[in-house]
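Here's a protein chain to look over together. Let's take it question by question.

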Amino acid sequence: PDYYTPGPGVRVTSARATATSWRFRKAQTRLHGAYRHHRPTQPAWCKARALVSLQIYARGQGKEGAMSSGEVKQGKVQTLPEVRKELKDMRCCDGDSVTLECQVYATPPPDIRWLKDGKILPLGGDISSDVDGDVARLTISKVYPEDEGEYTCMAYNELGRALTSSCLIVDVPEEKETMVTRQLSKPPGFLSAPSTPRTTPSRSISPGVQVTRDFSTPLNRPQRKRTKFSSPKFYAVPHNKVAQEGETVKLQCSAAGHPNPWSSWDKDGHIVTPSARLTLLEQDDLRILQIKEVTPEDAGLYRVTLENDYGSVEATARLEVIAHKGTKTKGVRAWSASRASPTFGRRLVGSAARVADTFTLACDVQASPSPNITWYRDNEAVVKSDRVQPLWDGRTARLKLKCLEREDAGVYTCVAENELGTSRCSAELLVLAADDPSDADLRPPVFVAGLPETTSTPEGQPAELIVKLQGTQPLEVVWSKDKVELPDCMDFRYVDYGDGRFGLRIADAFPADAGLYSCEAFNKHGDAITYGRLEVTEHCESSDSTKKQLYFTKTPIPLEAEPGQSACFCARVHTPPHTDVHIDWSVAGQPASQQPDRFKVERDGDTTVLRIGAVKSEDMGAISCRAHVCSAGDRHPVAGCSHCYVTSCTSRLSSAPGSHGWPAQLLHGPNDTTALRGQRIILQAAYSGCPLPVVRWLKAVSIIIISYY
C-alpha cells in the first residue's frame, strides 16, 4: 500500500524514463513535515521495497553540523526471495547419506525453513541444515525408509516467501520389506508407477523424457530456469556390503550433471560387463549394479565412474561374500547387515612441504555405515575455507592444503566416527621456508629393507612379502609379478603398515603364484625398485614323517635400533607330528650360539625368539633363522644327507633414523670355494654400516651385473 502520497510541496518523480530510480523532493521543510516514504514496486505484492526516513530539527539545537543540504540519500532496498536453483528429485538406498541443495537470493539474506510433506521438519540427530551464501542445504547423514517424502525449502522475509520442492525416494532391500512400514505417505503422482516395488524402479519408455509429477500444492512455484552445464557430482555414493552366498546384491549411487553423465563399473581394475547374473541399470539420477546369486568370486573392490564433457568423478565400494549374515532391527528402522566401526587401511604418514606449495594428507577408512570425517590440527578442529578443503569419497579421506603457510605445520589427526565407534590416526606435517636448505621434502624413495632374494612358502598357506621404505611422502607402491602389475584385490592385498613398511599379502599361495616379484616405489622426486623370487612348494604325502614339508608360519619382521638398545625377533615354524626340529639363529652372518651372553634364543613350542641385549654396530645386517629336521638324528644339517630337510627365513636389523652413522665395514668375506662344472655355489659375505652400504660384487676387478631373468 501507499503509506504517503504526493501533496502540497511534496513531489515524487522518476529520475529516468526506465523508472529504475525514484526521488522524493520537498521544497520547504517544516517541523511538522517529518516523512517516512515507502516506495513499493508494482504490483502491490512487491518484489522490492526501499525505506527512506527524513528527520527535521529546529534551528539553534546544534544540529547544523550534522545536516547536509542538497545531498541525495540512498535508501536500504529489500527484495522478495527468489529461487535461482531449485531442488532436484533424488533416489537413494536405505542407509545412504544424501544432501538436498538449492539456491535462493534476497536482500538482505532471507530466513530458511525446511518442510517435509507440508510440515515443519525438526532438525537434529542425523538431519542438519546449513546456509553457505545463497546456497541452502539439507543433509541426512543416514537415510531410513520413513525419510521418504516431499521436501520443501522455504525462504522468507518481511516482503514474502519463495519455495522449491523435490521428492526423495528410498529403496529398501526386498528381504527387509517385512521390517519396515509397508505404506509410506506419498503425494499424488509421487511414483510414475505406483505398483512397481521400490527395489525395482520402473524405467521410462523414452529415457530422454522425464516423468512429470503433480504434487497438487497451492504454492506458486517459480518457473524452472535453463540448466547450466556442469561436471558430474555425487549426491549418494555406493557403500560397502557384506552378503551371504546366493543372495542378490545391489550397489548403487545417485549423481547429477549436465549433460547427463554416462557411467561405467569395474571390479579390481577390470571392466564389468553385463551377463545373466550381472545387470547394469540407470533410472533418472540413479546408477545400479545388481549381482544375482553372488559367489565368493564376486567379492572385491567395485568402482563406478561418471563422466561427461565437463569432467568425471568416481566412487568405490567393497563387496564381501560370507557364509552367514546377521540382521538387527531397531524399532521400524532397518539396519544394514554390513556394519562395522571405522578402521584405517592406509594411515597418515609424517611429511614435509614448502611454503606456498599445495599438499594433501590422505588415509583410507573402512566403515559401515559411512563414517563422519573430522580433521584436527594440534587438537583444534580444522575449519574449511578456500585454502583448506576436507574431501571424502566414501573410502579415502583427504585434507587438501593450498598455498601452505608456516602456521600450517603441526600434528594432523583424522577422526572417523559412526554409531558403532570411533577411530583416529595422526601424522606431523613440517612446513619449510622456500629458502630452507633441508631436503626433507625432496627425498626420493629408498628401500631400507628390500625383498629377500628367495622366499619359500608351502602351497595353500598365506604368504606376505614386506619391504621398508624411506622418502618424502606421499609414497606410492606398485607390486608386480613377472613384469605384470598386480591389482589390490582379495587374492593380492596391498598393506600399508603406516611406519614405512609396505606388504603384499597373498591369501593362499598356489604353484601358479610362484615367480619373480617386484616392488616399485615412487614419488615426485624419484623411484626405486626391488626384486625377489617367491617359491611355492607342494606338500609331500609320504608315510615317512621326516619327508613331510617343513615351513615357517611366521617370519621375523625387520627392525631398526640404535647401538645399545635391545632388539627382539620372533619366528614360528610348522613341523610334522612326532618330529624334533632344530633351530639356529645367525646375526650378520655369525651364529648366535657363539655369543650366548649377548644373544638369547628362547623356544616355546613351535615359536622361537631371538633377543639381542645390547645392539652393536657389527650386529647390523641380515638376521637369519634356520630350521632343520633329520631322521638320522643329526643336530646340524649334513650336506648331501638324504635324511635332512632344511628351511630358513631372513629379516634385517638396521640403524634407527637419527642415530649416529658409521662407515661401511666387511665383517667377514666369502670363502674360497672349489666346484665342479655345472654345480651351483653360493658366495656369502656379512657387512655393516650406517647408512646402509651399497653392495657390489666384482670378478677380476670387473663389476658383475646381476640379472633375475
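Q: How many disulfides does a search of the whole structure find?
A: First, some ground rules: this is a predicted model, where local features need pLDDT of at least 70, side-chain atom pairs count only at pLDDT 80 or more, and totals for chains, interfaces and linings use all residues. Residues are numbered from 1 along each chain as its sequence is written, and side-chain values use heavy atoms, with hydrogens and water left out. A disulfide here is a pair of cysteine sulfur atoms within 2.5 Å. With that cut-off, the whole-structure search comes back with zero.

Q: Which cysteine sulfur is nearest to that of Cys-253, and how far away is it?
A: Cys-253 counts as buried, at 1% relative accessibility (buried is under 20% relative accessible area, exposed over 50%, partly exposed in between, using a 1.4 Å probe and protein chains only). Cys-253 is in no disulfide. Its nearest cysteine sulfur belongs to Cys-93, at 9.4 Å.

Q: Is Cys-568 buried, partly exposed or exposed?
A: Cys-568 is in no disulfide either, and the nearest cysteine sulfur, that of Cys-570, is 6.7 Å away. The relative accessibility of Cys-568 is 34%. So Cys-568 counts as partly exposed.

Q: How many helices and how many strands does the chain have?
A: Both are DSSP runs numbered from the N terminus: helices are H or I with at least four residues, strands are E with at least two. On that count the secondary structure comes to zero helices and 56 strands.

Q: Which residues is Ile-140 in contact with, leaving aside its neighbours within four places in sequence?
A: Contact means heavy atoms within 4.5 Å. Ile-140 is one of the core residues that touch the most other members. Its contacts are Asp-96, Ser-97, Asp-126, Ile-127, Asp-147, Val-98, Tyr-151 and Leu-168.

Q: Which residue takes a positive phi in the hairpin of strand 20 and strand 21?
A: The two strands run antiparallel and are joined by six bridges, with Leu-281 standing opposite Ile-288. Two residues lie between the strands. The positive phi, near 55 degrees, belongs to Asp-284.

Q: Where does Pro-108 lie?
A: The peptide bond from Thr-107 to Pro-108 is cis, with omega near -10 degrees. As for its place, Pro-108 is in the loop between strand 8 and strand 9 (111–116).

Terms used:
A nonpolar core is a set of buried Ala, Val, Leu, Ile, Met, Phe, Trp, Tyr and Cys residues joined through side-chain atoms within 4.5 Å. Two strands pair if DSSP finds at least two bridges between them.
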